[in-house]
Amino acid sequence: MAGTTARAASSAKAPAETPGRAPARSRESELASAVKALIVAGQRDRARERFGELVACQQRRAVRIAFHYLRDAHDADEAVQDAFLKVFTHITTYRDELPFEVWFTRILVNRCLDVRKARARRLKWALPMTLSGDVRVPDRPTPQASAEEMLISDERRRTIGEAVDLLPNRQRAVFTLCHIAEQTTSEVSQALGLSEATVRVHLFRAVRKLRTLLAGSEATA
């Protein structure tokens, strides 16, 4: 009788401990999949409506991330709008098993880096004008130096981005949401359907692996 009771208790716990169970998807991920399905079905008007819901969910967070990179409200707004446009035009490439937040953040950050690089080029070649309209060479090339520093910073970020792409899927998702989207481990836990302790483990491993990858990149540079 005791053995039967023990087996019954063990059986009752089994569903909660079953490994490999798919985590709950975020509303954004569900909306992205719905938009993708509508586009594939040729229902573009309906897809635009659902995409509007997706934009509403991500707009505030996207602006916050873009401003963190660009420190300019106009440039940040431009980067966000361009990122959303790219998401809609490439939504059929979205992988349903990937959290939409991770995919969108990578697109947005890359767009922010493009804006920064374009801005740096403008600063590098822009020369101040005299009141008469004649071009004069500045006494100190401060804007040029600043532009070069920004380009170096952008190249560093791209190097890090390439290293992040080499991480295992779960580590990449956790690192992207924590360090690029600036979400807390609690928020990432809810987004990925993982315990907060597991999120911290993946984050620790991701950072450790990135240090190794970046050290190797610098050694071969």
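## Contacts of Gln 171

Contact here means heavy atoms within 4.5 Å. In this predicted model, Gln 171 is in contact with His 202, Arg 205, Ala 206 and Lys 209, once its neighbours within four places in sequence are left aside.

Gln 171 lies in helix H7, which covers residues 169-180. The residue has a relative accessible area of 12% and is therefore buried, the limit being under 20%. Its C-alpha atom is 8.6 Å from that of Val 199, a residue 28 places away along the chain.

Thr 176 is buried, because its relative accessibility is 0%. The side chain of Thr 176 reaches the backbone oxygen of Arg 172 at a distance of 2.8 Å.

Not counting residues up to four places away in sequence, Thr 176 touches Val 102, Thr 105, Arg 106, Val 164 and Ala 181.

## Packing of H3 and H4

Helix H3 spans residues 44-70 and helix H4 spans residues 73-89. The two pack at an angle of about 145°, and their axes are 8 Å apart. Their crossing is right-handed.

On the H3 side, the residues making the contact include Phe 51, Val 55, Ala 62, Val 63, Phe 67 and Leu 70. On the H4 side, they include Ala 76, Ala 79, Val 80, Phe 84, Val 87 and Phe 88. Sorted by class, the contact of H3 with H4 comprises 15 nonpolar, three polar and three charged residues.

Technical notes. Residues numbered from 1 in each chain as written. Predicted model: local features only at pLDDT ≥ 70, side-chain atom pairs only at ≥ 80, totals over all residues. Heavy atoms only, no water. Axes fitted to C-alpha atoms, helices over the stretch in contact; angles between N-to-C directions. Helix = DSSP H or I, 4+ residues; strand = E, 2+ residues; numbered from the N terminus. Left-handed = near helix turned anticlockwise from the far one by under 90°. Nonpolar A, V, L, I, M, F, W, Y, C, P; charged D, E, K, R; others polar. Buried < 20%, exposed > 50% of the residue type's maximum accessible area, 1.4 Å probe, protein only. Polar contact = N/O pair within 3.5 Å; in protein donor to acceptor, adjacent residues only side chain to side chain.
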